[in-house]
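Open the model in your viewer and keep the sequence panel beside it. This tour goes from stop to stop, saying what to select and what is there.

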Amino acid sequence: MPTYPYTERIYIERVTHQAKKYFLPILKVNIKYGRRTLNGSLLATVDSGADRNLFPADAYRALGQHVETGLEVRIGGIGGEIIAYEHTVNLIFDDFHFRTKVCFSDEIKNPLLGRSDFFKHFSKVLFNETEKEFELIS
Amino acid sequence: MTKSIKDIYIKNANKWIALDTSTEKLLAVGGTITEVNEKLSKDKHKDKVEVFYVNLAAS
């Protein structure tokens, strides 16, 4: 079963411009629609607090598709409600390749992999905060 | 996280960037994923190229 180390990320403080480190359960994923895939991998956070997969709308546009043709959904979170459009795409990472629903929104930057359309493809998703790793069990 | 990577982050805050993880080389910068995607070579190993947004967070 694949175990993935948490990925070290940094953010830049607005005033000091100092880099601060943090660790997240991140997968490098690609999306495919028709024959087109992105020319690089997106860094998507495996997020047990997210109901749905939620990606930046521009990732879908980069595949030559129109975001607003999808089913409009409203997704609530800490920052309030956002509008997203649901599409079915192929999600690709490592040896995994499956069709799943992804909501695309102009209001987010960092892709999230959520419970209903990502976690459901596995029997267990285990997070180990001590070891800073997570495991996807089929 | 190497110093060169930190420098790339600082110089490109609030932008989308593409990094080659094997060489730590900045491959593309843009205001959108589409813009960055178009600048990337299709011949590159896609799984070695990370495309992400550089967050500029409040202190």
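## Stop 1: two loops in chain A

Select Lys132(A) to begin: with a relative accessibility of 37%, Lys132(A) counts as partly exposed. The model is a predicted one. Lys132(A) sits in the loop that joins strand S12 (124–128) to strand S13 (133–137) of chain A. Look at its backbone as well: Lys132(A) has a positive phi of about 55°, although it is not a glycine.

Next, select Asp94(A). Asp94(A) also has a positive phi, of about 45°, and is not a glycine. The loop that holds Asp94(A) lies between S9 and strand S10 (96–105) of chain A. Is Asp94(A) buried or exposed? Its relative accessible area is 55%, and the cut-off for exposed is over 50%, so Asp94(A) counts as exposed.

## Stop 2: colour by confidence

Colour both chains by pLDDT. Chain A has an average of 93, and 100% of its residues score at least 70. Within chain A, which element has the lowest mean pLDDT? That is S2(A), with 80, while strand S11 (residues 112–113) of chain A has the highest, with 98. For chain B the mean is 84, and 86% of the residues reach 70 or more. For the complex, the predictor gives an ipTM of 0.87 and a pTM of 0.91.

## Stop 3: the nonpolar cores

Now show side chains and select Leu27(A), Phe55(A), Phe93(A), Phe104(A) and Phe118(A). These five belong to the largest nonpolar core, which has 40 residues, and they touch the most other members.

Keep Leu27(A) selected and show what surrounds it. Which residues is Leu27(A) in contact with, leaving aside its neighbours within four places in sequence? They are Tyr4(A), Leu42(A), Leu43(A), Ala44(A), Val46(A), Phe93(A), Leu113(A), Phe118(A), Phe134(A) and Leu136(A). There is also a second, separate core, made of twelve residues; Ile26(A), Ile17(B), Leu19(B) and Val54(B) are among them.

## Stop 4: the largest pocket

Switch to a surface view. The largest pocket holds about 660 Å³ of space. Its lining has 29 residues, and Asp47(A), Leu54(A), Ile108(A), Asn110(A) and Leu112(A) are the closest to the pocket's centre.

Colour the lining by class to find 16 nonpolar, eight polar and five charged residues.

## Stop 5: the second largest pocket

The second largest pocket has a volume of about 410 Å³. Of the 18 residues in its lining, those nearest the centre are Lys28(A), Ser41(A), Phe93(A), Asp94(A) and Asp47(B). Strand S1 (3–5), strand S4 (26–33), S6 and S9 of chain A each give two or more residues to this lining. Which element gives the most? It is S4(A), with five residues. By class, the lining of the second largest pocket has nine nonpolar, three polar and six charged residues.

## Stop 6: chain B

Hide the surface and show chain B as a cartoon. How many helices and strands does chain B have? There are two helices and four strands, and from the N terminus their order is α-β-β-α-β-β. Chain B has 59 residues, of which 41% count as buried. Of the contacts in chain B with a separation of 6 or more, 39% are between residues 24 or more positions apart.

Select Ser4(B), which lies in helix H1 (residues 3–11) of chain B. Ser4(B) counts as partly exposed, at 36% relative accessibility.

Finish at Glu50(B), in strand S3 of chain B. Why does Glu50(B) count as buried? Its relative accessibility is 12%, and buried means under 20%. From C-alpha to C-alpha, Glu50(B) is 9.6 Å from Leu27(B), and the two are 23 residues apart in sequence. Leaving aside neighbours within four places in sequence, Glu50(B) is in contact with Arg9(A), Lys28(A), Ser41(A) and Leu43(A), and also with Ile17(B), Ala18(B), Leu19(B) and Thr21(B).

Note on methods:
Residues are numbered from 1 along each chain as its sequence is written. Chains are lettered from A and ligands numbered from 1 in the order in which they are written. Side-chain values use heavy atoms; hydrogens and water are left out. pLDDT is the predictor's confidence in each residue, from 0 to 100. A nonpolar core is a set of buried Ala, Val, Leu, Ile, Met, Phe, Trp, Tyr and Cys residues joined through side-chain atoms within 4.5 Å. Buried means under 20% relative accessible area, exposed over 50%, partly exposed in between (1.4 Å probe, protein chains only). Contact means heavy atoms within 4.5 Å. On a 1 Å grid over the protein atoms alone, a cavity is a set of points where a 1.4 Å probe fits but cannot get out, and a pocket is an open set with protein on both sides within 12 Å along at least five of seven lines; lining residues have an atom within 4 Å of a point. Grid points are joined across faces, edges and corners, and a volume is the space filled by probe spheres set on the points. Ala, Val, Leu, Ile, Met, Phe, Trp, Tyr, Cys and Pro count as nonpolar, Asp, Glu, Lys and Arg as charged, and the others, Gly among them, as polar.
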